[in-house]
Number of protein chains: 2
Amino acid sequence: MTKKYVYSFGGKTAEGKADMKNLLGGKGANLAEMCLLGLPVPAGLTITTECCTDYYANKELLPESLMNEVWAAMRKVEETMGMKYGDSENALLVSCRSGARKSMPGMMDTVLNIGLSSKTIPGLIKKTENPRFVYDSYRRLIMMYADVVMEKAEGREPADGKGIRKILDDKLDEYKKSKNYKSDTDLSTEDLQYLAEEFKNTVKNKLGTEFPDDAAAQLEGGIKAVFKSWNGKKAVSYRRIEGIPDDWGTAVNVQAMVFGNMGNDSATGVAFTRNPATGDNLFYGEWLINAQGEDVVAGIRTPSPLNNDTKNEQNKHLKSLQEEMPEIYMELCDIRATLENSFKDMLDIEFTIQNKKLYMLQCRVGKRTGVAAVTMAMDMLKEQMIDEKEAVCRVSGEQLTEFLLPILDPSDENNHKVVAKGLPAGPGGAVGEIVLSNELAMELASKGKKCILVREETNPEDVEGMRAASGILTARGGMTSHAALVARGWGKCCIVGCEALHINFETKTVNIDGVNYKEGDVFSLNGTKGLVYASEVKTMEANESPLYANFMTLVEKYRKMGVRTNADTPADAKQALDFGAEGIGLFRIEHMFYGENSEEPLRILRNMILSKDNAEARRKYLNELKPHILNSVKETMAIMNGKPVTFRLIDPPLHEFMPKKEEDINSAAIQLGITKEEVIKKAEEIEEVNPMMGLRGVRLGILYPEITEIQCEALFEAAAQLLKDGKEPKLEIMIPLTISVKELKHQKEICDRVHAKVEKEFGMAIKYLYGTMIEVPRATIVADEIAEVAQFFSFGTNDLTQMTFGFSRDDVNAIIGEYINSNIIKQDPFQTIDVDGVGKLVEMGVQKGRSKRTDLKIGVCGEHGGDPDSVKFFFRCGMNYVSCSPFRVPVARLASAQASIEAERKK
Amino acid sequence: MTKKYVYSFGGKTAEGKADMKNLLGGKGANLAEMCLLGLPVPAGLTITTECCTDYYANKELLPESLMNEVWAAMRKVEETMGMKYGDSENALLVSCRSGARKSMPGMMDTVLNIGLSSKTIPGLIKKTENPRFVYDSYRRLIMMYADVVMEKAEGREPADGKGIRKILDDKLDEYKKSKNYKSDTDLSTEDLQYLAEEFKNTVKNKLGTEFPDDAAAQLEGGIKAVFKSWNGKKAVSYRRIEGIPDDWGTAVNVQAMVFGNMGNDSATGVAFTRNPATGDNLFYGEWLINAQGEDVVAGIRTPSPLNNDTKNEQNKHLKSLQEEMPEIYMELCDIRATLENSFKDMLDIEFTIQNKKLYMLQCRVGKRTGVAAVTMAMDMLKEQMIDEKEAVCRVSGEQLTEFLLPILDPSDENNHKVVAKGLPAGPGGAVGEIVLSNELAMELASKGKKCILVREETNPEDVEGMRAASGILTARGGMTSHAALVARGWGKCCIVGCEALHINFETKTVNIDGVNYKEGDVFSLNGTKGLVYASEVKTMEANESPLYANFMTLVEKYRKMGVRTNADTPADAKQALDFGAEGIGLFRIEHMFYGENSEEPLRILRNMILSKDNAEARRKYLNELKPHILNSVKETMAIMNGKPVTFRLIDPPLHEFMPKKEEDINSAAIQLGITKEEVIKKAEEIEEVNPMMGLRGVRLGILYPEITEIQCEALFEAAAQLLKDGKEPKLEIMIPLTISVKELKHQKEICDRVHAKVEKEFGMAIKYLYGTMIEVPRATIVADEIAEVAQFFSFGTNDLTQMTFGFSRDDVNAIIGEYINSNIIKQDPFQTIDVDGVGKLVEMGVQKGRSKRTDLKIGVCGEHGGDPDSVKFFFRCGMNYVSCSPFRVPVARLASAQASIEAERKK
């Protein structure tokens, strides 16, 4: 049996439907669904994603059966549309578009107007009585086809960026200049006819092959080019960022062309069924009269508002569709309702009006900001469109994060002057240096500097620069332009269509109302309102709105797995409590040796390290250190009153604490009262070849038991002092880097001895739990033995990932990048847990641990604790809690609730 | 139910038996067995090893029920012996000795003559009519008891080494001097009586407590002291070296004293049922008239030969037991036959003759040299005492290794003068500098220098120095002295009882026949013949004797798992073939950059590394490198003709090849034509924080595919050239550090492409296998996927151990030492595979791999491939072969055969 590669749609019927996205891509599945819903969709056919995969598996050759299937489906399209492809009298034209499972806006190639040739043109002119339109369509076809099919798809793009598209664009500009034309609309039929011939000659000269004058050849070329563009540089780069697997492939949609540019009774537009920036339940869109769809998306002309609700400062002077074509607007409103009813979600639609007839070209679940996601989820719940569980699942971790992004401090905004306004495409606030190039944006980001990427408009080549920038500002484009779509997807602050902006790339300056700003000057953006400041406005954290509170209440209703935080300072602990943390899953005692107020403890620690061969001196310095440890741990335990705090004993290799830089060595020498040379020598003595796998963690406590002892003393005494003050400290002592239960026994002897001593001294009972990190592969294997002593496990998935992969985080960034590029791994295993490898060890550890101690408390305190996909995996493993950085706590809570719901749904 | 801690024996019956060694210790179990065999054994009781473990678990307190059990058993002893413990008229005296599962000669403490007190002495004098004997026994009791029970067991040994034993010894010496006595035998009854009182006063003064005059207290103290000595420093140190677990514990044997020192009709001796040095089937032993057992073992007097067969140059003037007491000798010969018949092995026995009555004090399976082990195994097979499988299992890997140890070159021995002769206690040859102290021996060994440890006699404090020395030479002691026993256990070259030797520790010289040799001068020892040379004799490898050939033929009959070798040079390959290797399991291509003739390839490689950002330049240097790789691999494949050779592609991080030392940097700069600073800068650029987990292995081949390509070209071309010459190359290409099947696919594309190209160029088919190392934890977890592409697995257990433990070999030696000392791990996991941790991953990898590819060839090429215990584990995992260094090949073959036999026995 041969595979079915082609699915037809059109005339209120279709072979596909909405839930066939994996096979037909998002666009193809939804086109089919719209047909089934009876909506006016130009007929067409979808070539499956499977065909794309087979194409790549088969040395980039189309399957043999494909074109026969395509032509059979084309017969149906011709029938439905009442036209004939390649016909000399009544020619059907088609578009050829990509459509992956997940929307990748602008990342792959499209060819329009396919089917125009010396054979079909005369008939079309006769039929449309519009020769100018026909020749304009023809020169557009030549430009797109030469670029996409004849150059890019053949891998012939020149390295200097001066491809055929640029050459033809320049030719067009020159011609207009020579005729003194201002706009494309000034071009006459004859001009366009002349240019079409010129273009064909240029194509032949530059590329060495003729532009195909055969409609059948054009279609096959278009299909191949779309497949080819799946592996184009920008598509691959976008997939890396979005985590889309390479083997998904793209579908190809071949669809009858309809034209929004056939005169003033024609138009094109895009709309969202609700406001994608705020989530408001208002129909929201833009349209352009006498234009093709690409004109809206590309942001070349500033579009008109769809309706009154869509009017704003920038476009209020333009007429809305509601005003201009009220009947068609009403039809569109009905379609809006039909679609939301069917899809139970906010949709992003594209439509075209051809000679007063409305056609739907696309619909898909719309991208939205974090605020919008939460707002819509809660609204749709109220509207009974979705239930509570679905509402919880409607908001992604990233959207929730974005919801909590910093904004410009409103009270400080009053102190600054708004120098320009634009469309509020991506909410939140951003402050940074102006940069005009992606390269500079990436360079500054790599140095930890914040910047604002300023561009005329953005295109897919810019994604890396956009990623690197804190905010994006463009002079052109609307709310559905490339910049707006991408920024919204990422939750990045973005203002588009800021027409006051004039960029001079040669002098590297930005001119606003006659004032020049140069690269390096600071801009501040209010992405929620579209305001630009040419000065540094203060930023602040988003306030907890009632919306947030309501949503999180809903989340809490379904959350089962606990969420703690990783925090070593009172400030972090407080913030995490505000975010809903239920305890501290990781307090690193060594934190006191870093950052503020660390000078004195660090001096003592260094003295201790330098006397490492002398137990007595070691002991002396450790005694000096004790009050520092005690104060540090006591303060945080007091803040977390009644909630558990897991203290991890000192973990890093000691040489990490020795000074490395010249100046630090000098000051250490003075502090310690020895020579520089002695400091350097001692530091070298304890350096290691692979410190990650050297003298650290519990190994320190085995070799130098007094280090463990002093920490236990400080911890128990802090707890005792708090108890005395009527507080409720919940102390958990955690041993790092364990590989054997015997290490735990060894350290527990010390711990128990100190515990008994302190209890006696204070005359009170001090409760505590004794547990361990599970972060070395061996620990997961002998977790049953370890659970005989450990009362809790905390998986350290950072180190576990390092050792399971043999990936040193300090060294393998470039390798991981190349591995993702080469499709060897799908995502960075330090960001999202490697379920197939590291995850198997985690599962083993959990199962073995519980096999010996059924009530073993198990959590995770690696960075994966704040990654939604990882959190869901940990829930499936049966963990009791995850612990993450304070700012990730809400995300972890949400992911935890979603995990419960997903598990229930699977039942 | 209370535990049974005490087992009685005596009077031809016993509660224990030979197979209860774990509970009763070796000595206790065999004493019981000898009673059951009807042999004359003084009655006694054994306290179990379990009691020792409980003693340590219970804060070093004897279990409450113990002493009641002991006294009940003592009643039986009294009955059997017809005497009464503590009785004033007919007092029973007892010894109190340790006895672990495995013999630990001299490592734990013993107290003799327990039960002598002011109450029992008069009756004993009356009964024996030998007051001198009674007082001599008494002063010995006081000396031992004060030392072992009152000082050592209480942890009161002074740091300066001047313990109570030394003080009493000095007192004895002074007294003898003051009386002008030459020997202990000159001491009269009155002298001894006086000394006993003096000793008791000294003990009280020095230790602050009285020597106990109560027999019951003496016994309890003795028992505790033996338990205590299990954790004495020398016992612990011995266990580390021998790999004896700390939790085995020791049993205590309390046994009725019999006396070999009651006159000239009394004697004591030790014997082996066959010659432990050569394996000859001749009764072999030594005896001393009128002496206690300790006198033989301590090597203080040179003992007489047991019989004619035992006579040699050193003792032929002394009368044998056969001559002196023929009837008792005949009785002993009968016992020898009874024991060998029962134990089916060579036994080491101790006996005492008290007033013409023979008593057996101990028997155990005797330690033997490698030669003796092989000889006995083959002899006992011929005698039909054991079967073939048992014969194979009778020789340990270490014994086989020792069998193949270097010897002095006999033809060169003729050129040197024998300066002294001694007893051939440990076979083989040794050449090295004379050292007189353990410290110096260890120091020289740590520098890789060979030395001969020269001592009057050795004692348990010397084990570390003995370990460090290449050979041991003592002036005193017999074949069963401490030095002889220990050296034989280790297979170390050793000569004892070399009476011509006079050592002056003050001048650090050795005088032989008036010639002085100083520390640093070279001695050569022929340990097989007992010859000492004061010059450097050439050494040579042991020739393959027919005995070896016959034994290995037997081994081959039962061996199922293959044995290959790790070799990267033609010389190693040849040697391994001689040792029976069936192929090469690991040929490291990077070997060509180390050692001889590496200058030119290294220069090219460095150039390649320095042009790492320029693919073209990289390619150029790689092309230059190709002929070097080709020659290197071709030569070895030619030698291994018809046998498989696994080539591992370049594995180490590239910065390993960059120069580190000043002089190397200078010469590299000259070679490369750049400045020193540039070399240093480039080297620093590619340095890594944790190189073990950085850019190495297959990662190099993914980032720089041309590195893989050039290696494949060289390998296939080498194979093609050999095929052309009519040779039979069996090529296996192995990818290192794999974590995912996708890496293997990536590299296989390159490999297959090159393969097709070379096949076309040479116009011939070139067979090869494509496989991978399994050495990163993740690889074991996804081994099923990996096996879809890999045709073979080779476990790299070195790296797998590193990452599973998080142990960097370069950094954790001190940690492993401390972990073994603290009983956290039992043995170095890099020497013997960690079955519970790493082993589980190995098992998982094997199972998963075979689940996808049933005929998957699986081997191991870590250093564990030559460790007998590890080899047996790999057999149980179902591996096809192990690969080890050439010299370990015979050991691996033996272990492989033993593993098959053990598996069969378990069925």
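This is a predicted model: local features need pLDDT of at least 70, side-chain atom pairs count only at pLDDT 80 or more; totals for chains, interfaces and linings use all residues.
Start with the relation between the copies. Any two copies of a chain are related by a rotation about an axis and a shift along it. Here a rotation of 180° with 0.2 Å of shift along its axis places chain A on chain B, with an RMSD of 0.3 Å. The two copies are therefore related as by a two-fold rotation axis. To find that axis from chain A, look to A:N690: its C-alpha is the nearest in the chain, 2.1 Å away. Both copies use the same surface, and 100% of the contact residues of chain A recur in chain B.

Now the extent of the contact. Chain A gives 45 residues and chain B gives 45 residues. Together the chains bury about 4,000 Å², and carbon and sulfur atoms account for 64% of it. On the side of chain A, A:M693, A:R778 and A:I824 supply 16% of the area buried against chain B, more than any other three residues.

A:R778 also takes part in a salt bridge. Its side chain meets that of B:D834, with N to O at 2.7 Å. Two salt bridges cross the interface of chain A and chain B. Polar contacts link 20 residue pairs between the chains, counting pairs with both residues at pLDDT 80 or more.

Which elements of chain A give two or more residues to this side? They are α26 (698-703), α28 (741-762), α29 (777-781), α31 (797-805), α32 (813-821) and α33 (838-852). By type, the residues of chain A that touch chain B divide into 22 nonpolar, 11 polar and 12 charged.

Key
Residues are numbered from 1 along each chain as its sequence is written. Chains are lettered from A and ligands numbered from 1 in the order in which they are written. Side-chain values use heavy atoms; hydrogens and water are left out. Contact means heavy atoms within 4.5 Å. Buried area is the accessible area (1.4 Å probe) that two parts lose on being put together, summed over both. A salt bridge is a side-chain nitrogen of Lys or Arg within 4 Å of a carboxyl oxygen of Asp or Glu. A polar contact is a pair of N or O atoms within 3.5 Å; within protein, one must be able to donate a hydrogen and the other to accept it, and residues adjacent in sequence count only if both atoms are side-chain atoms. Helices (H or I, at least four residues) and strands (E, at least two) are DSSP runs, numbered from the N terminus. Ala, Val, Leu, Ile, Met, Phe, Trp, Tyr, Cys and Pro count as nonpolar, Asp, Glu, Lys and Arg as charged, and the others, Gly among them, as polar. Copies are superposed by least squares on the C-alpha atoms of residues with pLDDT of at least 70 in both.
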